[in-house]
Amino acid sequence: MSQIKPYTAADILRYLDGKMNTAEMHLVEREALSDIWLEEAIEGYREMRKQQSTEAILSRLAQVQPVLEAPVSATASARVIRMGWIKRISYAAAGVLLLTAGWWIFNLQKPTDPILAPEVAPAILQENTLEPIPGITDTPNLAEAVNPTTTESSETNQNKMDSKKRQAKNAPQPVSPAPKVDQETAKAEIAVSDQKDAFPQTNDSNIGEVRLDEKVTASKESPVHVKEIDDSKALLKKITAEKSSARNIQTLPLMANLSDNITILTPTNPSDATPAMGWETFKSKLANILPPNTNSPNFQMNWTVLPNGKLQQIKYPELKGDKKSLEALQKLLEETMPWKVKDTTQIQEVLIRW
Amino acid sequence: METPVYFAGVKIAASYNHLSDRDLADQYYTNGEQGLLAALFSRYRDLMFGLCYKYLQDTDLAADACNDIYIELVGKLRKHEVEYPKSWMYSLTRNHCLMKMRKDKQMPVDNYAENFMQSEEGWHPNNEVQEKEAKLNALEDCISKLKKDQQQAVELFYLQEKCYNEISEITGLEWNTIRSQIQNGRRNLKICMENHESN
């Protein structure tokens with residue numbers, strides 16, 4: 001198919017400038033009558049010609065040329081490329097946002113300690129309740145709680161807990177804030193603190209614990225403290241009497257006497273629900289964690305023990321804002337699981353006051 | 001005087017000059033080769049520039065419009081199979097300029113709408129000899145029925161092949177008046193010819 005060459009700007013300007021012969025002009029005019037585009041272009045150049053000289057118009061067209069040369073192609077491809085990059089960046093940003101949001105949501109829902117009971121739902125807490133302790137179950141119904149699969153996983157968790165216990169043993173014990181107690185207790189505390197220096201320790205991780213089987217050279221202590229030390233030792237021995245036969249080295253918190261301030265209100269019979277480590281050890285450890293009670297109304301905390309030995313609905317409003325104590329308490333409650341429950345058909349409430 | 005058009009720094013292939021508008025558009029539609037589009041665009045760039053200037057009345061705006069239209073072509077000719085690239089590109093250019101004017105609130109007075117319709121005739125010629133003969137007879141009849149000034153302008157222009165300047169000298173009329181008489185004469189002839197055909 002042959003192609004009629006369209007008129008160029010130069011042709012049109014030649015026509016407008018009268019530089020064509022009459023035959024050529026007639027041809028352009030005839031063409032323009034049947035080609036509206038040519039006619040309108042001629043009109044446009046005629047308008048242009050009124051404003052600018054032919055040279056200026058052609059020069060302007062030449063200036064347009066670089067825009068049409070490189071940019072025509074380059075503009076097109078550049079726009080495509082630019083659009084591509086914009087799209088890519090948008091997609092990447094959206095992806096990153098989604099991942100971040102997903103990670104954040106996942107972390108909100110996930111227990112902070114994945115070792116313990118990852119399969120259970122977070123505790124249902126009341127308004128005045130602090131964040132649920134990870135690993136403490138909130139099984140909605142009893143049937144689910146005693147489900148064999150749950151039991152199986154709790155066994156697995158028990159193994160994990162054992163390993164965690166071992167780790168915890170090697171790790172430094174949580175340092176509790178110095179409790180403000182009555183004068184007598186304070187004295188005992190000073191005495192026991194002194195005792196810590198007096199007793200040789202195996203390593204730094206045993207800070208806060210005394211080795212009862214090692215002989216203490218009383219002569220090293222000041223005479224004022226000797227009696228108090230003996231009293232403390234007697235008290236500690238009494239508390240740990242049940243377990244002392246199992247091991248030669250028995251560890252106990254230094255401030256075990258503070259555990260006397262802890263009262264178990266429910267269960268009325270402590271053997272109805274017992275922490276894995278036993279009530280006495282639990283109380284002793286708890287005493288090291290809890291902040292001193294300086295207010296007249298007693299502080300209290302409570303939770304529910306499920307038949308499978310896990311805890312739920314833990315409330316300890318007095319610890320709100322005390323991050324250190326919270327963490328330590330969380331760790332301690334994890335160690336208490338599984339609780340031994342006498343009546344496995346019932347949920348047991350535990351209420352502790354100090 | 002034709003300025004070469006480059007695509008990505010490469011000159012448009014010389015072979016493209018032998019291809020028709022339709023072939024360039026079809027091949028570009030098929031393979032997206034930018035050189036084909038550049039070749040097609042370069043053929044009508046000057047007309048496009050003149051047309052855009054007519055509407056926009058500014059060389060910079062006209063130049064920008066040409067660039068924008070090229071960008072439009074890049075995508076549109078890949079999406080649509082265009083049968084008559086020239087008339088299609090004209091419509092695209094005109095619409096682009098009108099849109100631009102509407103955006104800038106400079107709506108034009110469109111004097112050439114009917115001419116655009118008439119111009120379709122030129123792009124679809126009928127070469128049948130017998131029909132041509134019949135049409136010539138009808139044409140003579142129709143010319144004789146035209147108004148005197150229109151008849152004179154049409155005869156001078158079409159039969160004696162005079163240009164507007166010559167007709168102006170002969171008739172003493174202005175260039176625009178002559179063009180107007182020829183256009184009106186053409187339109188009336190067309191109506192007359194259609195009446196002949198229907199009879």
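Trainee: Which residues are buried in α7(B)?
Mentor: In α7(B), the buried ones are B:Gln150, B:Ala153, B:Val154, B:Leu156, B:Phe157 and B:Tyr158. Buried means under 20% relative accessible area, exposed over 50%, and partly exposed in between, with a 1.4 Å probe and protein chains only. Helices (H or I, at least four residues) and strands (E, at least two) are DSSP runs, numbered from the N terminus. Keep in mind that this is a predicted model, where local features need pLDDT of at least 70 and side-chain atom pairs count only at pLDDT 80 or more, while totals for chains, interfaces and linings use all residues. Residues are numbered from 1 along each chain as its sequence is written, chains are lettered from A and ligands numbered from 1 in the order in which they are written, and side-chain values use heavy atoms, leaving out hydrogens and water.

Trainee: What covers the buried residues of α7(B)?
Mentor: The cover includes α2 (22-34) of chain A, along with α8 (164-171) and α9 (175-198) of chain B.

Trainee: And what span should the 12 residues of that helix have?
Mentor: At 1.5 Å a residue, helix α7 (residues 148-159) of chain B should span 16 Å, and its end C-alpha atoms are 15 Å apart, which agrees. The expected span is 1.5 Å times one less than the number of residues. Just after α7(B), B:Glu161 takes a positive phi of about 55°.

Trainee: Switching to chain A: is A:Ala9 buried or exposed?
Mentor: A:Ala9 is buried, because its relative accessibility is 1%. You'll find A:Ala9 in helix α1 (residues 9-16) of chain A.

Trainee: What does A:Ala9 touch?
Mentor: Leaving aside residues up to four places away in sequence, A:Ala9 touches A:Tyr45, A:Leu58, A:Leu61 and B:Asp46. Contact here means heavy atoms within 4.5 Å. A:Ala9 and A:Leu61 are 52 residues apart in sequence, yet 8.5 Å apart in space, C-alpha to C-alpha.

Trainee: How about A:Trp104, buried or exposed?
Mentor: A:Trp104 is exposed, with a relative accessible area of 53%. Its place is in helix α4 (residues 54-109) of chain A.

Trainee: Last one: how do β3(A) and β4(A) pair?
Mentor: Strand β3 (residues 300-305) of chain A pairs with β4(A) in the antiparallel sense over 3 bridges. Two strands pair if DSSP finds at least two bridges between them. A:Asn302 stands opposite A:Lys315 in β4(A). The two strands form a hairpin with 5 residues between them, and A:Gly309 in the turn has a positive phi of about 90°.
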